[in-house]
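Hi everyone, thanks for making the time. Please have a look at the structure on the screen, and then I'll walk you through it.

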Amino acid sequence: MSKTILIVGGGLAGTIVANGICRQMGAELRSGALNITMLGTSETHMYQPGLLYIPFGRMREAELFRDQRKVLDKRVNFFVDPAKAIDVEKNQVTTEAGRTFKYDYMVLATGSRIMPQTIPGMKEGGHWFYDLDGARKLRTALNEFKGGKIVINVNAPHKCPVAPLEVAFMLHDYLKAKGLWDKAELTYTYPIGRLHALEPVAHWAKPEFEKLGIKYETFFNTESVDPQAKTIKSMEGSELPYDLLITIPPHQGAQVIDDSGLGKGGWVPTNTKTLHREGSANVFVVGDTTNIPISKAGSTAHFEADVTIDNLVSLCQENTFAREYDGKVFCFVETGLGSGTYVWFNYTTPPNPGPPSQMIHWFKLAYNRLYWLSARGLL
Amino acid sequence: MAERQKIDARGAFCPGPLMELIAALKLASIGDEVDVWSSDKGSASDIPAWCAKVGHSVVEASEHDGYWSVVVRKAK
């Protein structure tokens with residue numbers, strides 16, 4: 001009897017899973033013993049890490065997008081029809097267009113989204129680069145910037161945990177090249193008592209900030225933004241004036257997760273090793289959608305997807321589980337417009353970033369293109 | 001009715017126990033409790049220090065076999 005794998009979400013994690021299964025289960029797809037269906041929210045696939053480069057004019061918008069049907073293996077039944085209700089008891093998903101999809105196995109890959117509207121004044125008073133519209137507006141603001149106070153404000157939770165540091169270093173280089181660094185005062189705020197969640201990265205960043213003249217304030221969790229007075233207040237009681245506010249807004253998962261009772265804030269309770277939704281043997285969760293306490297990053301999505309491919313193929317072909325996720329995360333860290341480093345860790349190996357180099361920066365630039373091979377399941 | 005949520009952040013290098021707590025409290029209602037498990041000894045002092053700054057209550061903090069548990073009640 002034919003089996004159906006339903007993938008909810010067409011971002012990186014869902015796309016890698018779909019393509020990876022196609023590569024391993026060609027015979028079953030040909031015979032009709034398996035079908036794979038994906039429910040996405042858009043005809044296009046966006047390379048999200050590229051958004052960091054848009055405000056600085058270092059990537060063109062068109063470079064961020066591909067037609068999702070071309071990124072996906074042709075054997076995937078792809079619908080741009082977002083899930084509206086997910087019923088894990090009945091093994092079915094109802095979409096916004098009113099279709100109902102049954103499944104034998106489901107992969108939840110609904111991702112995360114920025115929620116500036118959850119902090120009073122942030123949407124009106126802040127700039128960001130975590131979506132295309134925000135990155136465009138920030139590009140305009142930077143083009144018009146002639147000097148003054150810039151605040152880079154980081155909120156929890158957020159995806160791509162090194163991006164806030166990267167934007168600070170890149171902004172320094174950008175303003176310096178334009179001859180505006182001496183007219184600017186850059187302050188970076190972070191929710192906990194150091195400059196980054198990863199302790200070794202924080203220890204490395206602190207003297208770098210001090211060397212470059214980037215100010216910082218830790219234990220800063222945004223309570224409100226006053227767009228008229230141009231001030232930002234923290235829950236901890238401090239207030240900073242700004243001329244340009246670059247915020248990393250707090251994130252939440254997809255609304256459909258919350259609405260379907262699968263997890264508060266859109267984060268699905270997930271087994272840290274098997275990636276099963278807690279309580280479901282036939283539902284896997286990958287990428288930002290999990291509530292696993294690790295970085296919400298593209299690499300996390302990629303490594304989780306690889307494990308999920310092996311497990312789904314193994315379950316379909318051999319009725320057994322293949323392997324567990326070890327918590328692996330890998331992040332490039334741009335340390336300016338011409339240098340970079342990287343950091344990797346898993347559940348048992350702590351991070352240990354190496355010294356920045358031009359070579360690693362170039363590799364990151366190369367990965368900005370190689371990403372499409374990852375999404376296709378080739379890298 | 002107030003809820004108690006557990007976050008098992010043992011071995012979590014990034015974003016770490018305090019960031020997980022901050023994120024969870026944003027979604028919690030006043031009176032809800034979050035029990036954070038951390039294998040990082042620093043959490044036993046960092047979490048209460050942050051709660052004191054912001055005004056949340058530390059209900060209990062205890063050391064177990066290789067990890068620390070800190071229960072925080074959302075106060076505002």
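Let me start with a question: leaving aside its neighbours within four places in sequence, which residues is Ser43(B) in contact with? They are Pro17(B), Ser38(B), Pro48(B) and Val70(B), where contact means heavy atoms within 4.5 Å. Ser43(B) belongs to helix H2 of chain B, residues 43-54; helices here are DSSP runs of H or I with at least four residues, strands are runs of E with at least two, and both are numbered from the N terminus. With a relative accessible area of 4%, Ser43(B) is buried. On that scale, buried means under 20% relative accessible area, exposed means over 50%, and partly exposed is in between, using a 1.4 Å probe and protein chains only.

Some ground rules before we go on. This is a predicted model, in which local features need pLDDT of at least 70, side-chain atom pairs count only at pLDDT 80 or more, and totals for chains, interfaces and linings use all residues. Residues are numbered from 1 along each chain as its sequence is written, chains are lettered from A and ligands numbered from 1 in the order in which they are written, and side-chain values use heavy atoms, with hydrogens and water left out.

Now, chain A as a whole. Its secondary structure comes to 10 helices and 21 strands. The radius of gyration is 21 Å, which agrees with the value near 21 Å for a compact globule of 379 residues; that radius is taken over C-alpha atoms, and the globule rule is 2.2 Å times the number of residues to the power 0.38. Along the principal axes, the C-alpha atoms fill a box of roughly 70 × 40 × 40 Å. Buried residues make up 57% of the 379 in chain A. If you take the contacts in chain A with a separation of 6 or more, 63% are between residues 24 or more positions apart. Chain A exposes about 15400 Å², and carbon and sulfur atoms supply 51% of that; the areas come from the Shrake-Rupley method with a 1.4 Å probe, and for residues only the protein chains shown count as cover.

What do the records say? UniProt, in an unreviewed entry, places "domain: FAD/NAD(P)-binding" at residues 4-292 of chain A. In our model that span is 26% helix and 28% strand, with its end C-alpha atoms 26 Å apart. For chain B, an unreviewed UniProt entry gives "domain: UPF0033" over residues 7-31, a span that is 44% helix and 8% strand, with end C-alpha atoms 17 Å apart. UniProt positions are in the numbering used here, the feature names are shortened, and annotations may be inferred rather than shown by experiment.

Next, a spot I'd like you to find: Ser295(A), in the loop between strand S19 (283-285) and helix H9 (298-318) of chain A. Is Ser295(A) buried or exposed? At 3% relative accessibility, Ser295(A) counts as buried. Not counting residues up to four places away in sequence, Ser295(A) touches Pro161(A), Thr300(A), Val329(A) and Phe345(A), along with Cys14(B) and Pro15(B). Pro161(A) is 134 residues from Ser295(A) in sequence, yet their C-alpha atoms are 6.6 Å apart.

On to charges. Side chains of opposite charge can pair when their charged atoms come close. A search of the whole structure finds 16 salt bridges over all chains, a salt bridge being a side-chain nitrogen of Lys or Arg within 4 Å of a carboxyl oxygen of Asp or Glu. One of them joins Glu185(A) and Lys215(A), with the closest N and O atoms 3.4 Å apart. Glu185(A) lies in strand S12 (residues 184-189) and Lys215(A) in strand S13 (residues 215-217), so this pair ties together parts of chain A that are 30 residues apart in sequence. In chain B, Glu33(B) pairs with Arg73(B), the closest N and O atoms being 2.8 Å apart. Here strand S2 (residues 33-38) holds Glu33(B) and strand S4 (residues 68-73) holds Arg73(B), so parts 40 residues apart in sequence are tied together. Glu33(B) counts as buried at 14% relative accessibility, while Arg73(B), at 35%, counts as partly exposed. There is also a network of salt bridges linking Glu61(A), Arg136(A) and Arg139(A).

Last stop, the surface: Met359(A), Trp362(A) and Leu365(A) make a nonpolar patch of about 330 Å². Patches are made of residues with over 30% relative accessible area and no salt bridge, joining like charges within 9 Å and nonpolar side chains (Val, Leu, Ile, Met, Phe, Trp, Tyr) within 5 Å. Leu365(A) sits in helix H10 (residues 358-375) of chain A and is partly exposed, with a relative accessible area of 32%.
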